[in-house]
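Here is a quick briefing on how two protein chains sit against each other. Take a look at the structure first, then work through the points below.

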Number of protein chains: 2
Amino acid sequence: MRKPPRHRRKMQSVTMSDVAELANVSPSTVSLFLRKPEAVSATASQAISRAIDKLNYVPNLMAGGLAAASSRAVSILVPSVRNAFFAETVSSMQTALKKQRLQLILGHTEYDEQEEEELVRMALSWAPAAIVLTGLSHSAATRRLLANVAIPVIEIWELGGPQIDAAIGFHHDQVGIAAAEHLVRQGRRNLLFLGARMHQDRRARQRCNGFLQAARAAGAAAKVVEHPDTASAEIGSMLLAEALRLHPETDGIACSNDHIALGVLFACERQKIAVPDRLAVIGFGDLSFSAACNPPLTTIRPSGDLIGREAARLIEEHLHGEKADTHRTIDTRFTLQHRRSS
Amino acid sequence: MRKPPRHRRKMQSVTMSDVAELANVSPSTVSLFLRKPEAVSATASQAISRAIDKLNYVPNLMAGGLAAASSRAVSILVPSVRNAFFAETVSSMQTALKKQRLQLILGHTEYDEQEEEELVRMALSWAPAAIVLTGLSHSAATRRLLANVAIPVIEIWELGGPQIDAAIGFHHDQVGIAAAEHLVRQGRRNLLFLGARMHQDRRARQRCNGFLQAARAAGAAAKVVEHPDTASAEIGSMLLAEALRLHPETDGIACSNDHIALGVLFACERQKIAVPDRLAVIGFGDLSFSAACNPPLTTIRPSGDLIGREAARLIEEHLHGEKADTHRTIDTRFTLQHRRSS
DNA sequence: TCAGGCGATAATAGCGCTACGATTTATTTG
DNA sequence: CAAATAAATCGTAGCGCTATTATCGCCTGA
């Protein structure tokens, strides 16, 4: 009348108990060794590491996370990793986090707050150690979801608005201002901003607005020509053609980023427009080609790398319990790279 | 004489039981609803969704994963997401996986097998639904770790060697061959391959080797000039200068990627070297600037996007139990974009 | 000699959820 | 109308690990 085993379950091949058994200690000791090796005697440590090696034991982070009510994951949501800016930040952050054995869970919002909201929900399901979002603008539901979480919430790549918790980045309107002031300093009076995808990209819009204001404040004329698609050199060339048709008097151009600026330079070369003599050009991004093109592109270099590192540092501090409450604002600034295009 | 509660534990604010209670059903039913909504009656479904909304319930994927012995995570390891090729694949994959509610865990190997091994170990700790690696070359320990896992192991961006499980990509030597044959077809006989970081980037090396062999097979001379750093336009310009010094007779150049090619075009422009008359140039990658530069760059376009989508499809099939064993090879091919630089 | 203290190890009770079988309820059929 | 079948729901036993408390030796010093 004996019953068969009621529940059969899938399982992990090698568990912590297996290691404990082989090392002749209790599972608790193995767990302790994994988390605080210094608290375990040398003898036990050795036996345990040997057993781990022999069995090729891989700890189960889900079990660990469940028991500890927190995980070794950090969720980062960016518009897209195809964008070199965010790729840089993601990359530097992952490098920094790896040292703390934290893993990056990546999500792409595609500049869509609805999408972001869904991704935040999914991210929270992992009980991450921190969550990183791009920008300061989020749906109401996203804010609600994040309002009461006990982990750091870090908003990157934008400063200058109400923030949820920490914010790391710079002021995009100041980028626009710097570009305008630079062109004015170079003696230009008929300025133009060439922008791509500005209906979606808030930060490009902020740069544009800063540019227009500063230009006008300095007594220069300032117009905008834009294109709805993602920035590319091709669109840059098209925008230049349109710009010169609509505003032939233009003598200084700022671009929403270096892809656009590169396209402008290509078009100028084809049409024998002298840069910077006839037209000064300034970009944004300092991408890999910006110093190498003809002429080398004056541009504003953001701090994508630093943003990622600072975010990782914040997370590390929080993890190590340095109570220094995370509600902070870190301005990573930007620098003007003056080259020959202006 | 009563004891205080022995164990106090941290916890999640809202659990499935809370939802069940509010909806007047058992936790099992809530779980079922979340996994297979169609198996739950309309009445119960409604009550449950309402409760979820009201409580703002977020399921705990770690608990779920632990119980189900599998997680909703897919681990992807690429050399770096700063590289536009991999960014493209990661991005398209993430988009495709999102529909299945799978999350991407990202790791950067930096072209280092040791690093990759560590990352694989960390990745396995999550009991992912699949694991995606770049290339076919891995450390012995990595192979051992992956030998017996029950999940799909997908190697991307390289074909033509022994694979662990599935492989999705193309043959890089064929890329080199196509480039050489193209230049020969254009009447070039003194060919050169310009490469960056080839000591680390196996796939660039394969393209180079294919190029040299095909060029020589076609009776053309073929040399190599390389630089140890990451590809960039600046390095492309430097390499061109060195190339013309060492091999002034060169009349056709293939580059390990479009960044290098762009630098070559920039340098040619500065030095008034006519492209393609004096020098034909072909790149690899078809990056965002390649069609827009002067002259538009002939290049070979890989299928980074497709690779990501195919990988996601494979994972989906496996998840839906379509036994179609995953050990497969999918050749995503590449296409030659003939433009004016050759 | 033995209480007191300390470092190292062990035992225990869940973390929140899913899978499985068992049970209940609704629906059909002989 | 009872029996058989199908549909919906529930109860239970862990998944593998961590945090907390309890225990075990061993050394010190009065």
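The domain bounds used here come from an automatic or database domain assignment. With that in mind, chain A splits into domain 1 (16-59), domain 2 (69-170 + 305-332) and domain 3 (172-301). Keep in mind that this is a predicted model.

**Domains of chain A**
- Domain 2 of chain A is written as two stretches, 69-170 and 305-332.
- If you take the centres over C-alpha atoms, domain 1 of chain A and domain 2 of chain A lie 34 Å apart.

**How much the chains touch**
- Chain A puts 63 residues into the contact, and chain B puts in 63 residues as well.
- Three residues stand out on chain B: B:Met62, B:Met122 and B:Trp126 supply 14% of the area that chain B buries against chain A, more than any other three residues.

**Polar links across the interface**
- Between chain B and chain A there are 24 residue pairs in polar contact, counting pairs with both residues at pLDDT 80 or more.
- Several elements of chain B give two or more residues to the side that touches chain A, among them helix 4 (61-68), helix 6 (113-124) and strand 2 (103-108).
- Helix 5 of chain B gives the most to that side, with 8 residues.
- Sorted by class, the side of chain B that touches chain A has 30 nonpolar, 17 polar and 16 charged residues.

**Strand meets strand**

**Salt bridges**
- How many salt bridges turn up over all chains? A search of the whole structure finds 24.
- Across the interface of chain B and chain A, the count is 6 salt bridges.
- B:Asp305 and A:Arg82 form a salt bridge, with their closest N and O atoms 3.1 Å apart.
- Inside chain A, the side chains of A:Glu117 and A:Arg121 also meet in a salt bridge, at 3.3 Å from N to O.
- A:Glu117 and A:Arg121 are 4 residues apart in helix 6 (residues 113-124) of chain A, so about one helical turn separates them.

Key: Residues numbered from 1 in each chain as written. Chains lettered and ligands numbered in written order. Predicted model: local features only at pLDDT ≥ 70, side-chain atom pairs only at ≥ 80, totals over all residues. Heavy atoms only, no water. Contact = heavy atoms within 4.5 Å. Buried area = accessible area lost by both parts, 1.4 Å probe. Salt bridge = Lys/Arg side-chain N within 4 Å of Asp/Glu carboxyl O. Polar contact = N/O pair within 3.5 Å; in protein donor to acceptor, adjacent residues only side chain to side chain. Nonpolar A, V, L, I, M, F, W, Y, C, P; charged D, E, K, R; others polar.
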